[in-house]
Amino acid sequence: MLQLGAGGAGKSMAYAIARESPAELVIYNRSAGKAEELAASLSKALPSVPIRSGDNNPSGFEVVVNATALGLRDTDPTPVPAQQLSAGTLVCEAVVRDGDTPLLKAARELGCTVHHGQWMLYGQIVEISRFLGVPLAPEFVERILGPAD
Ligand SMILES: NC(=O)c1ccc[n+]([C@@H]2O[C@H](COP(=O)([O-])OP(=O)(O)OC[C@H]3O[C@@H](n4cnc5c(N)ncnc54)[C@H](OP(=O)(O)O)[C@@H]3O)[C@@H](O)[C@H]2O)c1
């Protein structure tokens, strides 16, 4: 898996991903030191999972996840060189907006499967409601907030 971004959301996402024991987790961040720090602290917490910092070339990854702030505007650049995405890759967003981000748009055009940021938001609502003792079913959240894609 390749994760782009190591900010607030990126830290939580990388931890959640690493706990699922991916074959490898590579973290890229514009400010490289943050990706290196995050990879080092996750490796310490989950030593059996191969985690490292790396570049943003998405070629050959099964899953690419955007945890950067890029994508809210149609004019935003994609956080990866989009032409290097592989057709079979699952491309996921943290950014929540109507329609595809530039990354999801490019990925869709290349034949990738895409996953919108709303799903992450919906998942958090389900978890928060469970924590508060008033659990909501995922289907209920989706019905109230609308389909995620
Ligand atoms: N779906 C959800 O439920 C959910 C939940 C939380 C957040 N989000 C979304 O996730 C995104 C990140 O949120 P956050 O809280 O992690 O923000 P944050 O802590 O401010 O981190 C921003 C991240 O984006 C990178 N970034 C910002 N501008 C960039 C640019 N021009 N080029 C390349 N990288 C850039 C930053 O890199 P540097 O470290 O180099 O600045 C950093 O990795 C936002 O779009 C937010 O709305 C979604």
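The model is a predicted one. Its chain is assigned two domains, domain 1 (2–116) and domain 2 (117–149), and the shell around the ligand takes at least three residues from each of them. Six strands form an open sheet with parallel pairing.

**Sheet architecture**

- The strand order in the open sheet is S3-S2-S1-S4-S5-S6, and the pairing is parallel.
- Strand S3 (51–53) and strand S6 (113–115) are the edge strands; each has a single partner strand, so one side of each lacks a neighbour in the sheet.
- On average, neighbouring strands of this sheet are turned by 20 degrees against each other, with direction ignored.
- Strand S2 (residues 25–28) runs parallel to S3 and is joined to S3 by three bridges; within this pairing, Leu25 has Ile51 of S3 as its bridge partner.

**Helices packed on the sheet**

- Helix H2 (residues 32–45) packs on the sheet and touches S2 and S3. The direction of helix H2 makes about 165 degrees with that of S3.
- Helix H3 (residues 102–109) also packs on the sheet, where its contacts are with strand S4 (63–66), strand S5 (90–93) and S6. The angle between the directions of helix H3 and S5 is about 165 degrees.

**Strands S4, S5 and S6, and His115**

- S4 and S5 run parallel and are joined by four bridges, and Val65 has Cys92 in S5 as its bridge partner.
- Three bridges connect S5 and S6 in the parallel sense; here Cys92 is partnered by His115 in S6.
- His115 lies in strand S6 and touches Leu90, Val91, Cys92 and Glu93, leaving aside residues up to four places away in sequence.
- The C-alpha atoms of His115 and Val91 are 6.2 Å apart in space, although the two residues are 24 residues apart in sequence.

**Ligand shell**

- The ligand is surrounded by 23 residues, of which the closest are Gly7, Ala9, Arg30, Ser31 and Leu121.
- By class, this shell comprises 12 nonpolar, nine polar and two charged residues.
- Helix H1 (8–19) and helix H4 (118–131) each contribute at least two residues to the shell.

**Lys34 in helix H2**

- Lys34 is located in helix H2 and is partly exposed, with 17 other C-beta atoms within 10 Å.
- Not counting residues up to four places away in sequence, Lys34 touches Ala6 and Asn29.
- Lys34 and Gly7 are separated by 27 residues in sequence and by 7.9 Å in space, C-alpha to C-alpha; Gly7 is also one of the closest residues to the ligand.

**Domain arrangement**

- The centres of domain 1 and domain 2, taken over C-alpha atoms, are 22 Å apart.
- Six residues from domain 1 and seven residues from domain 2 take part in the contact.
- On the side of domain 1 that touches domain 2, three residues are nonpolar, two are polar and one is charged.

Note on methods:
Residues are numbered from 1 along each chain as its sequence is written. This is a predicted model: local features need pLDDT of at least 70, side-chain atom pairs count only at pLDDT 80 or more; totals for chains, interfaces and linings use all residues. A residue is near a molecule or strand if its C-beta atom, placed from the backbone, lies within 6 Å of it. Ala, Val, Leu, Ile, Met, Phe, Trp, Tyr, Cys and Pro count as nonpolar, Asp, Glu, Lys and Arg as charged, and the others, Gly among them, as polar. Domain bounds come from an automatic or database domain assignment. Two strands pair if DSSP finds at least two bridges between them. Axes are lines fitted to C-alpha atoms, for helices over the stretch in contact, and angles run from 0 to 180 degrees between N-to-C directions. Two residues are in contact if their C-beta atoms, placed from the backbone, lie within 7 Å. A residue is buried if 20 or more other C-beta atoms lie within 10 Å of its own, exposed if 12 or fewer, and partly exposed in between; C-beta atoms are placed from the backbone.
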